[in-house]
Amino acid sequence: MTHLMSNYGRLPISFVRGQGTRLYDEQDNEYLDFTSGIAVTNLGHCHPNVTAALQEQAATLVHTSNLFQIPKQEAVAAKLCELSGLDQVFFCNSGAEANEAAIKLARKHSKEKYGEHKFEILTLEDGFHGRTLATVTATPRKKFQEGFAPLMPGFRYVPKDLAAIEAAISENTCALMMEPVQGEGGVLPLTPEFLQGVRALCDKHGLLLIFDEVQTGIGRTGTMFAFEQAGVQPDILTLAKALGNGIPVGATLAKAEVASAFTPGTHGSTFGGTPLVMAAVLATLETIESENILQNAKEMGIELGLRLQGLIEQHDCLLELRGLGLLRGVTMDRPVAPLINKCRELGLLVLSAGENTLRIIPPLTVTSQDIHLAIKILEQAVQEVAQGVAQA
Ligand SMILES: *Cc1c(COP(=O)(O)O)cnc(C)c1O
């Protein structure tokens, strides 16, 4: 019997080291990692700048608590605000926690601003916001909610339709929360027109717009944040996954007028923004600039999209290309699990997003040669699966 709880379906592979786009298992087999640890290691595994920053900080000071000043936290916050156009940041340890803080902040802000407690948050169908009780309630998926009742009051699910959203807004509504590209839900980008429409609805009804960019942020879609491509700014923005290139960290950013609802004592996190983690985040953000990572993500995103489109045109079982930048989905006329298994046997790691969508999220440092190899492996895997050679 394993002493780990069985909440994950784990594969019988254990990686012992990683470098850039490659992972190595116990037998030293090499894998091309087009999962980035689920959109986390955007600079590739063990980027030397992040490793050096961690080593130096680990030997200097790891943790103090938020009872004291943490200059690196200030530096990272300033950088994130400069990049996003927002004003203030709260640091935590994960995406779900960043969303929890966003939810609490939206509720508290409405109380402060309107004097009455507006608490309801509208979230979109196909959305994903995390696994804590509040964020799983914000995630309208039976599969994730089953067995955890009673869920958190104050959430309402809406379709991706502006008229339906407007009709769902009540006197209790304080915010709309969504991912600009819905990752776990199937790599479904929301159109710029839709996001602009949502912004207009929020302005009209005095609601906060919360963008969950836990997966889409930090260059994943070819710009630092996906919202830039729609020309729409949120009032609250949440980040996590790739923010520390693998070091656990989350961040909730907000406009000053909203952030001010968090006065001393209203929210907190023991580990949030600790010096060690902030060193990793600083190194990650600096590396994105110094190594021109966004430009590469943009170019490689186009190349990957074109190559996947080519593959789709050659294989009837592949249906549709989805996504933006280096967050890509390919839908299939059947469950994708056998294809993913076949790819892994051939040395390529890819993910699913729901039952029938392949999710392809390479590091932003990916090269043309990596993409070439990945497409070659995918092609072989698709052929074998289509011929029924592969087993589920
Ligand atoms: C992964 C993810 C989360 C949850 O992040 P955790 O760090 O696992 O808590 C929340 N929102 C989105 C959009 C995600 O992709």
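Student: How many salt bridges are counted between domain 1 and domain 2?
Tutor: We're looking at a predicted model, where local features need pLDDT of at least 70 and side-chain atom pairs count only at pLDDT 80 or more, while totals for chains, interfaces and linings use all residues. Residues are numbered from 1 along each chain as its sequence is written, and side-chain values use heavy atoms, with hydrogens and water left out. A salt bridge here means a side-chain nitrogen of Lys or Arg within 4 Å of a carboxyl oxygen of Asp or Glu. By that rule, the count between domain 1 and domain 2 is 1.

Student: Which parts of the chain make up domain 1 and domain 2?
Tutor: The bounds come from an automatic or database domain assignment. Domain 1 is 15-41 + 292-391, and domain 2 is 48-291.

Student: What area is buried between domain 1 and domain 2?
Tutor: Buried area is the accessible area (1.4 Å probe) that two parts lose on being put together, summed over both. Carbon and sulfur atoms give 62% of it here. The total between domain 1 and domain 2 is about 2100 Å².

Student: Which residue's side chain meets R359 in a salt bridge?
Tutor: Look for a nitrogen and an oxygen 3.0 Å apart. The partner of R359 is E184.

Student: Which element gives the most to the side of domain 1 that touches domain 2?
Tutor: Elements giving two or more residues to that side include α1 (36-39), β13 (318-324) and β17 (357-360). Helices (H or I, at least four residues) and strands (E, at least two) are DSSP runs, numbered from the N terminus. With 4 residues, the top contributor is α11.

Student: Is K241 buried, exposed or partly exposed, and what's the reason?
Tutor: Buried means under 20% relative accessible area, exposed over 50%, and partly exposed in between (1.4 Å probe, protein chains only). K241 has 22% relative accessibility, so K241 counts as partly exposed.

Student: Which residues does K241 contact, leaving aside neighbours within four places in sequence?
Tutor: Contact means heavy atoms within 4.5 Å. The residues touching K241 are I38, A39, V40, E184, V214, Q215, G246 and V249.
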